[in-house]
Amino acid sequence: MDAAEAKFQRLVVEQSVRNGASMFTWIAGFSVVNSLVSLANGEWGFVGALGITRLVDGLARAMAEKIGGVLPLMAVGFNLCAAGLLVVLGYYAGRRQKWAYITGMILYALDALVPFLFQHWLDVVFHAYFLHGIWNGYKSLGVLEALEAMQASG
């Protein structure tokens, strides 16, 4: 492989690492928007968002209808914390930290149990799609490290 091909291959792999890391930000963004829509008593939402935040929003709305209070606002606070965690994981994944990819994949796979239990199949499919994207970023990180080791050794 000549130098131009090696450089191109490295750019492609680096982009795949960034794409995997950006999945965390997309999920966080969808989750925050869904939470705000729920707070406004909206009836729609993005698929692929965190299942736990949708569950918390639904419980807060149901309980607020019965007892009133600020439960929906508290739910938004919880959801912002959950989304913030994803943003942090995405940040570190983008900085090539394998632990961030692994932690994020485990948490998001566990989160997929919520839509699975409620039989929201489209959400389950989008969870699988985002997990696949994160996994590709993680795999690309390994490829990038191998390319760098190969280039360093000459």
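Let me begin with Val47, which touches Phe30, Leu122, Asp123 and Phe126, residues up to four places away in sequence not being counted. Contact here means heavy atoms within 4.5 Å. Val47 itself is found in the loop between α1 and α2. At 26% relative accessibility, Val47 counts as partly exposed. The terms are these: buried means under 20% relative accessible area, exposed means over 50%, and partly exposed is in between, with a 1.4 Å probe and protein chains only. Val47 and Tyr138 are 91 residues apart in sequence, and their C-alpha atoms are 23 Å apart in space.

A word on the source. This is a predicted model, in which local features need pLDDT of at least 70 and side-chain atom pairs count only at pLDDT 80 or more, while totals for chains, interfaces and linings use all residues. Residues are numbered from 1 along each chain as its sequence is written, and side-chain values use heavy atoms, with hydrogens and water left out.

I turn now to the chain as a whole. The protein chain has six helices and zero strands, giving the pattern α-α-α-α-α-α along the sequence. Helices (H or I, at least four residues) and strands (E, at least two) are DSSP runs, numbered from the N terminus. What does the C-alpha trace span along its principal axes? The figures are about 70 × 25 × 20 Å. The radius of gyration of the protein chain is 19 Å, whereas a compact globule of 154 residues would have one near 15 Å. That radius is taken over C-alpha atoms, and the globule rule is 2.2 Å times the number of residues to the power 0.38.

Buried residues make up 36% of the 154 residues in the chain. Of the contacts between residues at least 6 apart in sequence, 64% join residues at least 24 apart. The accessible surface comes to about 8900 Å², and 70% of that surface belongs to carbon and sulfur atoms. These areas come from the Shrake-Rupley method with a 1.4 Å probe; for residues, only the protein chains shown count as cover.

Next, the charges. The chain carries 10 positive and 10 negative side chains, and the centres of the two sets lie 3 Å apart. Lys and Arg count as positive and Asp and Glu as negative, with His and the chain ends not counted. Each charge is placed at NZ of Lys, CZ of Arg, CG of Asp or CD of Glu.

Side chains of opposite charge can pair when their charged atoms come close. A salt bridge is defined as a side-chain nitrogen of Lys or Arg within 4 Å of a carboxyl oxygen of Asp or Glu. How many salt bridges result from this rule? The count comes to six.

One of them joins Arg10 and Glu148, with the closest N and O atoms 2.9 Å apart. This pair links distant parts of the chain, since Arg10 is in helix α1 (residues 3–39) and Glu148 in helix α6 (residues 121–153), 138 residues apart. Arg10 is partly exposed at 23% relative accessibility, and Glu148 is partly exposed at 22%.

A second salt bridge is formed by Arg61 and Glu43, at 3.2 Å from N to O. Arg61 lies in helix α2 (residues 51–67) and Glu43 in the loop between α1 and α2, so the pair ties together parts that are 18 residues apart in sequence. Is Glu43 buried or exposed? Glu43 is exposed, with a relative accessible area of 69%.

Arg54 and Asp123 also meet in a salt bridge, at 2.8 Å from N to O. Here Arg54 in helix α2 is linked with Asp123 in helix α6, 69 residues away. Arg54 is partly exposed at 31%, whereas Asp123 is buried at 6%. Asp123 is also among the residues that Val47 touches.

Finally, salt bridges that share partners join Arg10, Glu14, Arg96 and Glu148 into one network. Arg96 has its place in the loop between α3 and α4 (98–111), and its phi is near 70°, a positive value in a residue other than glycine. Gln119, in the loop between α5 (113–117) and α6, likewise has a positive phi, near 55°. Gln119 is exposed, with a relative accessible area of 54%.
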